[in-house]
Amino acid sequence: MSAKLPPKCPPQADHPLLPKIKEALGDMLLSHGVSADGYLCVMVPAGRIREVAQKLKELGFDQALSVSAMDYMEEKKFVMLYTFMSYLTPELKGHILNVRAEIPRDNPHIASIADIFPSADYDERECHEMFGIWFDGNPHMGKRFLLDPDCCIDEKTGKPLYPLRRDFKVPDWGLFG
């Protein structure tokens, strides 16, 4: 059984931020859309996520509100979900920008943006622990952050299991023993 996943980016539409974002990101903007609640979403190449983050910082976005992932297991991909906003730049106040990038599920690596947006650090660590996504450059990768050190380890292989992957199976004994 698999649940229907939402589209990777909402339907294309105009948005007041779009001209600025297009100018700033140039060929890094692969596609865009606007969510039902009016937020701009852009797809970017995963290999250029640091350049994208730096451009957004230069535009005045000062917060990475969240970094998460969605498991498109059938496509063997994760879609990375970044949410940016600004508390300090008047023309950006009230706008939320969603940035998405696809990475392969069998080798889930993407560059860390925690040195550009320090608020991304904890979310990257959580994403690593829950999905197994490795954020290159984040010094906390490989360390337990939220889960008990004994939780979610495959008894046969000794390798970590990732509870938010869609193919994760809760052991008979539960997650907490």
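This is a predicted model: local features need pLDDT of at least 70, side-chain atom pairs count only at pLDDT 80 or more; totals for chains, interfaces and linings use all residues.
Strands of a sheet pair through backbone hydrogen bonds, in either a parallel or an antiparallel sense.

The largest nonpolar core comprises 43 residues, of which Ile21, Met80, Tyr82, Val99 and Ile110 touch the most other members. Two or more residues of this core come from each of α1 (18-25), β2 (40-43), α2 (49-59), β3 (63-72), β4 (77-85), β5 (97-104) and α3 (120-131). Tyrosine 82 illustrates the reach of such a residue: leaving aside neighbours within four places in sequence, its contacts are Ile49, Ser66, Val67, Leu97, Asn98, Val99, Ile110, Ala111, Ile113 and Phe135. Threonine 83 is found in strand β4 and counts as buried, since its relative accessibility of 14% falls under 20%. Beyond residues up to four places away in sequence, threonine 83 touches Gln63, Ala64, Leu65, Ser66, Ile96, Leu97 and Asn98.

Cysteine 9 is buried at a relative accessible area of 15%, and cysteine 41 is buried at 1%. A disulfide is a covalent bond between the sulfur atoms of two cysteines; the structure holds zero disulfides.

Side chains of opposite charge can pair when their charged atoms come close. A search of the whole structure finds eleven salt bridges. In one of them, glutamate 102 pairs with lysine 8, with the closest N and O atoms 2.9 Å apart. Glutamate 102 lies in strand β5 and lysine 8 in the segment before α1, so this pair ties together parts that are 94 residues apart in sequence. Glutamate 102 is partly exposed at 29% relative accessibility, whereas lysine 8 counts as buried at 17%. Both residues belong to a network of salt bridges that links Lys8, Glu75, Lys77 and Glu102.

Another salt bridge joins the side chains of aspartate 115 and arginine 50, at 2.7 Å from N to O. This pair also links distant parts of the chain, 65 residues apart: aspartate 115 is in the loop between β6 (109-111) and α3, and arginine 50 is in helix α2. Aspartate 115 is exposed, with 55% relative accessibility, while arginine 50 is partly exposed at 33%.

A local case is found in helix α3. Arginine 125 forms a salt bridge with aspartate 121, their closest N and O atoms being 3.4 Å apart. Because the two residues are four positions apart in helix α3, about one helical turn separates arginine 125 from aspartate 121. Arginine 125 is buried, with a relative accessible area of 16%, and aspartate 121 is buried at 14%.

Methods. Residues are numbered from 1 along each chain as its sequence is written. Side-chain values use heavy atoms; hydrogens and water are left out. A nonpolar core is a set of buried Ala, Val, Leu, Ile, Met, Phe, Trp, Tyr and Cys residues joined through side-chain atoms within 4.5 Å. Buried means under 20% relative accessible area, exposed over 50%, partly exposed in between (1.4 Å probe, protein chains only). Contact means heavy atoms within 4.5 Å. A disulfide is a pair of cysteine sulfur atoms within 2.5 Å. A salt bridge is a side-chain nitrogen of Lys or Arg within 4 Å of a carboxyl oxygen of Asp or Glu.
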